[in-house]
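Hi,

Here is the structure I promised to pass on, with the sequence alongside. My notes on what turned up follow below.

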Amino acid sequence: MRISTLKTVVFKANIDLVKHGLVIFTWGNASGIDRESGLVVIKPSGVPYESLTAEDMVVIDLNGKPVDSRLKPSSDTPTHLEIYKAFPEAGGVVHTHSTYATAWAQAGRDLPNIGTTHADYFATAIPCTRDMTEAEVNGDYEKETGTVIVERFRLDRLNPTHTPGVLVRNHGPFAWGKSPDEAVHNAAVMEQVAQMAAVAYSINPLLTMNEPLVKKHFCRKHGPNARYGQ
């Protein structure tokens, strides 16, 4: 994909975060990667969405070195880069502070897979990372945020394609997908199922999910014999 095209795609993804009610002020960012060139396009740091343009998108390499921009990249850039490096299937990454998903992250809880809406998009619970150490927080913090995300997936042997999102403890959600647009879609779904789960647990704190039903709904859309849609 041409970088000029990717800038437009990433710009739209950032605007869609506002459209779907996932961010306010400058509380979020979306990025995309061109795997052939190894270049990443991401929202500039601290620029309000209402004044954002496609030309404002920042181009960097996978080491975070600026390639083409007059603006600084998002402060969360190192986290995005760690996700791209560890999950080669990811073509886009989104970070928000959406209310319900962030509440689960601040509570330090995995978001359990207790309904078919969740199971249509995520094969498992959406994992929450561990507490970051003082050294990690005071060191290369944003990079270490990415490190603890990757660590959780490797420790639990989670497939990042089947579980395209994570909750960073005390922080908020990150989601990814094959494209920036799909990453936004997954972030929106994560927020919705986080809200559903919060309400469901308030009604029945002892609820559980039928595992065969989870598998059925996930495979119906994502399995080798997927039959959902046209």
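Helix H6 (residues 141-155) lies across E6 and strand E7 (172-177), and its direction is at about 125 degrees to E6. Keep in mind that this is a predicted model.

Those two strands belong to an open sheet of seven, with antiparallel pairing and the order E4-E3-E2-E1-E5-E7-E6. The edges are strand E4 (66-68) and strand E6 (165-168), each of which pairs on one side only. On average, neighbouring strands in this sheet are turned by 25 degrees against each other, ignoring direction. H1 also packs on the sheet, where it touches strand E1 (28-34), E2, E3, E4 and strand E5 (92-96); the angle between the directions of H1 and E1 is about 155 degrees.

At the E4 end, strand E3 (residues 58-61) and E4 run antiparallel, joined by two bridges. Pro 66 in E4 is the bridge partner of Ile 60.

E1 is worth a look. How many of its residues are buried? Seven of seven, so to speak the strand is mostly covered. Gly 28, Ala 30, Gly 32 and Asp 34 point one way, Asn 29, Ser 31 and Ile 33 the other way, and all are buried. On one pairing, E1 runs antiparallel to E5 with five bridges, and Ala 30 stands opposite Val 94 there. E1 also pairs with E2 in the antiparallel sense, over four bridges, with Ile 33 partnered by Val 40. The hairpin of E1 and E2 has four residues between the strands, and Gly 38 in this hairpin takes a positive phi near 75 degrees.

Now the packing. The largest nonpolar core has 32 residues, of which Leu 17, Val 94, Leu 111, Leu 167 and Met 190 touch the most other members. Helix H1 (3-19), strand E2 (39-42), helix H3 (99-107) and helix H7 (180-203) each supply at least two residues, and H7 gives the most, with eight. There is a second, separate core of 20 residues, including Ile 33, Val 40, Ile 60 and Phe 153.

Leaving aside neighbours within four places in sequence, Leu 111 is in contact with Trp 104, His 118, Ala 125, Ile 126, Leu 167, Met 190, Val 193, Ala 194 and Ala 197. Several residues of H7 are buried, among them Met 190, Val 193, Ala 194 and Ala 197. The length of H7 checks out too: its 24 residues at 1.5 Å each should span 34 Å, and the end C-alpha atoms are 35 Å apart, which agrees.

Cheers

Notes:
Residues numbered from 1 in each chain as written. Predicted model: local features only at pLDDT ≥ 70, side-chain atom pairs only at ≥ 80, totals over all residues. Heavy atoms only, no water. Core = buried A, V, L, I, M, F, W, Y, C linked by side-chain atoms within 4.5 Å. Buried < 20%, exposed > 50% of the residue type's maximum accessible area, 1.4 Å probe, protein only. Contact = heavy atoms within 4.5 Å. Pairing = 2+ DSSP bridges. Axes fitted to C-alpha atoms, helices over the stretch in contact; angles between N-to-C directions. Expected span 1.5 Å × (residues − 1).
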